Structures are given as C-alpha cells and as structure tokens.
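Student: I have a model open and would like to understand the labels on it. Could we work through a few together?

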Amino acid sequence: MREYATEAIVLRTAPMGEWDITASLFTEQLGRIDARAIGGKRIHSKFAQHLNPLNRVLVRLVQKNATTLADVVTEARFNGTARATQKALMALALINAIILPGNSDTRLWRYVKDALSSATLAPQEILKLLGHDPSRASCVRCRGRDVRSFLPEDQVFLCNSCNLKFPDKGILLIQ
Ligand SMILES: [Zn+2]
C-alpha cells in the first residue's frame with residue numbers, strides 16, 4: 001500500500017456502482033490517474049463539493065490494487081466567462097482522452113495549472129504540447145485546413161463538415 005499527497009486537476013467524474021464516484025485526476029508526478037471516491041455520491045459526502053471538473057485540488061490517494069481517494073480539498077475554482085469555461089472543458093476532455101494513466105508530463109502540467117488560474121486554458125495549446133499542432137494540421141477526410149475537432153483514438157483532425165459525416169463517437173471539439 002502506498003500513499004500520496006499531491007495537487008491535482010479534476011478532469012471529470014463518473015458514477016461507479018451505487019454510491020461511489022471515479023474521479024479522473026491530472027497530477028504533475030503521477031500523470032493522469034483514476035481514483036475511486038467511496039461514498040462520493042452520497043449527499044453529505046466529504047468529496048462531493050470538491051470533485052468538480054476544472055477544480056484544482058489537494059488530494060491524498062491510497063494505492064493498493066486500485067487507487068482510492070482518501071481526502072480532497074479545493075485549492076482553486078475556475079473563474080472565467082462561459083466561453084472560457086467551455087474551452088477549458090474541451091481542453092480537459094483532450095487530456096482525459098489522450099494521456100494514458102500513469103504518464104507524467106511536467107510541461108503539460110505547468111501549462112494547465114497556469115492557464116486554469118488565468119482562465120486561458122485552450123484545447124489548441126494542449127494539442128500543440130502533445131505534438132499535434134492544429135495550425136499545421138489538415139482534415140483527414142478532405143484535407144481542408146480549417147480543423148475543428150480531434151479524434152484521439154486515431155490521432156487525426158477533422159474539419160467542421162467532415163466531422164458531421166464521421167460516425168465515430170469519440171470526436172472532441174477543439175474550438
Ligand atoms: Zn474535412
């Protein structure tokens with residue numbers, strides 16, 4: 001059994017079983033990590049108010065076979081316009097889809113932490129840092145340069161009209 005205390009960004013949460021929540025977290029040293037918040041769905045859970053996407057939190061994690069969330073407290077909440085919030089959520093969805101669990105990336109961590117504080121987090125920057133610069137990309141179907149979405153599974157870009165014709169459900173908007 002190992003225990004970690006670390007800063008983390010909440011990427012997303014999902015229900016798990018009847019009462020629990022799985023939180024997908026992004027950290028500097030552990031990279032992306034899924035942690036189970038036991039009883040997280042209960043109304044008076046100590047986790048509930050802290051596990052919101054875009055929150056920067058301090059967590060204590062216990063790693064056995066799986067990773068369990070032992071404690072969480074919010075350090076900073078996102079404070080931006082509706083458009084800034086929308087872009088930041090797109091950026092977090094990309095991190096969640098592209099970064100494999102356990103892969104740490106200090107440059108990406110620093111960018112995400114700073115850009116969340118200044119409410120300037122942008123999906124294009126995330127892609128650039130991960131080696132998929134959208135400004136140099138073209139649509140995988142029509143070769144158009146105005147790319148609007150990214151398909152993480154195939155690591156390809158799509159333009160606005162092609163992404164409507166693409167059957168895949170894993171498409172993520174990038175602007
Ligand atoms: Zn296209």
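Predicted model: local features only at pLDDT ≥ 70, side-chain atom pairs only at ≥ 80, totals over all residues.

Student: What makes β6 and β8 paired strands?

Tutor: Two bridges join β6 (residues 147–151) to β8, and the cut-off is at least two, so they count as paired. The two strands run antiparallel. As for serine 149, its bridge partner in β8 is leucine 173.

Student: Why is one side of β8 left without a neighbour in the sheet?

Tutor: The open sheet has three strands in the order β7-β6-β8, with antiparallel pairing. β7 (156–159) and β8 stand at the edges with a single partner strand each, so one side of each has no neighbour in the sheet.

Student: Where does isoleucine 171 lie, and why is it called partly exposed?

Tutor: Isoleucine 171 is in the loop between α4 (160–165) and β8 (172–173). A residue is buried with 20 or more C-beta neighbours within 10 Å and exposed with 12 or fewer. Isoleucine 171 has 18, so it counts as partly exposed.

Student: Which residues does isoleucine 171 contact, leaving aside its neighbours within four places in sequence?

Tutor: Those contacts are Ser149, Leu151, Leu158, Asn163 and Phe166.

Student: How do you know that the span of helix α1 is close to the expected one?

Tutor: Helix α1 (residues 82–98) has 17 residues and reaches 24 Å from its first C-alpha to its last. At 1.5 Å a residue, 24 Å is expected, so the span is close to expectation. Its buried residues include Lys87, Met90 and Leu94.

Notes: Residues numbered from 1 in each chain as written. Helix = DSSP H or I, 4+ residues; strand = E, 2+ residues; numbered from the N terminus. Contact = placed C-beta atoms within 7 Å.
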